[in-house]
Structures are given as C-alpha cells and as structure tokens.
Amino acid sequence: MADRRDHNRLGFAVQLGTVRFSGWPCDPTNMPAEVVNYAATQLQIADPSCLKAYSQWEKTRLEHV
C-alpha cells in the first residue's frame, strides 16, 4: 500500500512541478520556500516544513523519480 503522508505528497508534487517546468526532476528539498509553500497550499498541507521528512528515505525519492 502506498504511503501518502503529507511529506510524500508534497515531495512528489514539487518533483512533478520541476519536471513540468524544467524537463528534469530536481530534489524537492532544495526548492525555494515560495515553491514549497505554494504546493503545500494547493494540497491543503498545513505545515510545509514536513518536506524535510521526504529526504529521509532515498528509496521513496528514487521511486518517485
């Protein structure tokens, strides 16, 4: 079963956004706060700082890419 906690939803959304605009997936944990905050607002995630937890599991990042 997929893990859809806030940090995974936000991390995936930011990665998807970078692919859409740059053509290449970027590390979502290195995005400007404005980008992360905007994505969090769109996903109705109250605490955008949860994205820090996204970088803890390399396997998740690689699967999302």
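View A. With a relative accessibility of 22%, Pro48 ends up as partly exposed (buried is under 20% relative accessible area, exposed over 50%, partly exposed in between, using a 1.4 Å probe and protein chains only). Keep in mind that this is a predicted model, where local features need pLDDT of at least 70 and side-chain atom pairs pLDDT 80 or more, while totals for chains, interfaces and linings use all residues. Numbering starts from 1 along each chain, and side-chain values use heavy atoms, with hydrogens and water left out.

**View B. Who Pro48 meets.** Leaving aside residues up to four places away in sequence, Pro48 touches Leu10, Val36, Asn37 and Ala40 (contact: heavy atoms within 4.5 Å). Val36 is twelve residues away along the chain, yet the two C-alpha atoms are 6.5 Å apart.

**View C. The largest nonpolar core.** Nine residues make it up: Leu10, Val14, Val36, Ala39, Ala40, Ile45, Cys50, Leu51 and Tyr54. A core is a set of buried Ala, Val, Leu, Ile, Met, Phe, Trp, Tyr and Cys residues joined through side-chain atoms within 4.5 Å. α1 and α2 are the elements giving two or more residues to this core, and α2 has the largest share, with three.

Note on methods:
Helix = DSSP H or I, 4+ residues; strand = E, 2+ residues; numbered from the N terminus.
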